[in-house]
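This briefing sets out selected features of the structure shown below, grouped by topic.

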Amino acid sequence: MSADGTISIRVNGEHRRVAAGISFADLANELGLDPARVAVERNLEIVPRSTLAQVIVEDGDEIEIVTFVGGGDHEDADTWTVAGRTFTSRLIVGTGKYKSFEENAAAVAASGAEIVTVAVRRVNVSDRNAPLLMDYIDPKKITYLPNTAGCFTADDAIRTLRLAREAGGWNLVKLEVLGEAKTLYPDMRETLKATEVLVREGFEPMVYCVDDPIAAKQLEEAGAVAIMPLGAPIGSGLGIQNRVTIRLIVEGAKVPVLVDAGVGTASDAAVAMELGCDGVLMNTAIAEAKDPIRMARAMKLAVESGRLAYRSGRMGLRRYADPSSPLAGLI
């Protein structure tokens with residue numbers, strides 16, 4: 001023990017000086033660790049967790065403290081969180097318009113998506129042997145996001161999601177209330193009304209909306225757990241038509257922002273991610289591709305590439321050329 005009342009130890013390969021007489025439980029707390037969630041080894045011998053508060057650290061101890069972590073290298077983990085749930089994939093895919101449930105399941109697998117949107121529809125009571133989506137995409141492995149596709153009033157959307165929660169226990173849902181059938185643009189008055197009711201009832205709505213920063217902020221204030229502005233009309237494949245407003249929504253939001261609707265090909269998904277969006281939701285772009293499985297894979301890579309580009313910080317725009325090689329020293 002030194003004159004200042006400390007001793008020298010090595011913890012996980014690092015030299016430290018700690019107060020003499022400190023217990024292993026106190027050492028763990030000093031390191032910001034919960035003694036109940038770690039295992040301790042001293043000089044190659046395990047210190048039983050039940051004794052950590054009684055066993056005293058000695059001068060010169062070689063100590064290893066370990067806990068459980070996910071397998072693999074997580075130094076560059078880039079996850080996103082919505083309503084307290086954390087996901088790795090930033091691509092959400094729909095489950096409509098596919099030729100079969102088998103093709104749908106294969107596309108989901110190729111996309112790497114961890115969330116799929118599902119519509120709530122009447123059970124086929126005339127054919128009890130009719131296949132169900134759950135037989136092909138396991139809700140225990142893939143998060144189901146019930147949506148209100150086809151609803152044109154707040155009341156219809158609320159009723160649909162109440163049934164969805166009863167059927168599967170889901171609180172995390174996708175809300176969309178459409179204004180009319182031609183454009184499938186959201187009716188923001190009805191959407192806001194439905195959001196307020198759903199939040200009061202304990203739902204966690206991810207909300208489809210127009211690409212309007214003011215409307216997005218109103219939804220967030222009403223309790224939306226994610227803002228999902230359209231890039232272009234649903235199913236149009238036109239790509240993001242107004243990058244400026246999407247970017248403004250991203251900059252002003254304190255909840256995740258995901259482009260929902262209008263994506264047609266991989267470059268559209270990459271643009272959404274380069275704008276700083278937390279993710280992209282799509283259905284038709286994959287389901288109506290000539291090769292849906294291959295397109296699903298392309299979308300997966302596009303979302304990952306766009307996100308990586310956003311995190312890297314693109315070069316500044318210039319009005320004139322700037323040579324890559326220095327001009328000084330030319331022969």
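**Open sheet**

Strand 3 (residues 39-42) pairs with strand 5 (residues 62-66) in the antiparallel sense, over four bridges. Strands are DSSP runs (E, at least two residues), as helices are (H or I, at least four), each numbered from the N terminus; two strands count as paired if DSSP finds at least two bridges between them. The model is a predicted one, in which local features need pLDDT of at least 70 and side-chain atom pairs count only at pLDDT 80 or more, while totals for chains, interfaces and linings use all residues. Residues are numbered from 1 along each chain as its sequence is written, and side-chain values use heavy atoms, with hydrogens and water left out.

- Strand 3 and strand 4 form a hairpin with two residues between them, and N43 in the turn has a positive phi of about 50°.
- Strand 1 (residues 6-11) runs parallel to strand 5, to which two bridges join it; here V11 stands opposite I63.
- The open sheet comprises five strands in the order 2-1-5-3-4, with mixed pairing.
- Strand 2 (14-19) and strand 4 stand at the edges with a single partner strand each, so one side of each is left without a neighbour in the sheet.
- On average, neighbouring strands of this sheet are turned by 35° against each other, direction ignored (axes are lines fitted to C-alpha atoms, for helices over the stretch in contact, and angles run from 0 to 180 degrees between N-to-C directions).

**Strand 11 and its surroundings**

- Strand 11 (residues 172-175) is covered on both faces: L172 and K174 on one side, and V173 and L175 on the other, are all buried (buried means under 20% relative accessible area, exposed over 50%, and partly exposed in between, with a 1.4 Å probe and protein chains only).
- Four bridges join strand 11 to strand 12 (residues 204-209), and the two run parallel; V173 stands opposite P205 in strand 12.
- A right-handed β-α-β unit is made by strand 11, helix 4 (residues 188-200) and strand 12 (right-handed: with the strands pointing away from the viewer, the path from the first strand over the helix to the second runs clockwise).
- T117, in strand 9 (residues 115-119), is buried, with a relative accessible area of 6%.
- Not counting residues up to four places away in sequence, T117 touches I92, V93, G94, T95, L145, N147, K174 and L281 (contact means heavy atoms within 4.5 Å).

**Helix 7**

- The buried residues of helix 7 (residues 266-274) are D268, A269, A270, V271, A272 and M273.
- These buried residues pack against helix 6 (243-252), strand 14 (258-260), strand 15 (279-282) and helix 9 (292-312).
- Just after helix 7, G276 takes a positive phi of about 100°.

**Aromatic rings**

- The whole structure holds three aromatic pairs (Phe, Tyr and Trp rings, Trp by its six-membered ring, pair if their centres lie within 6.5 Å; planes under 30 degrees apart count as stacked, over 60 as edge-to-face and the rest as tilted).
- W80 is buried at a relative accessible area of 3%, and F87 is buried at 6%.
- R165 lies over the face of F203, at 3.7 Å from the ring centre, and K174 lies over the face of Y208, at 5.7 Å (NZ of Lys or CZ of Arg must be within 6 Å of the ring centre and within 35 degrees of the ring normal).
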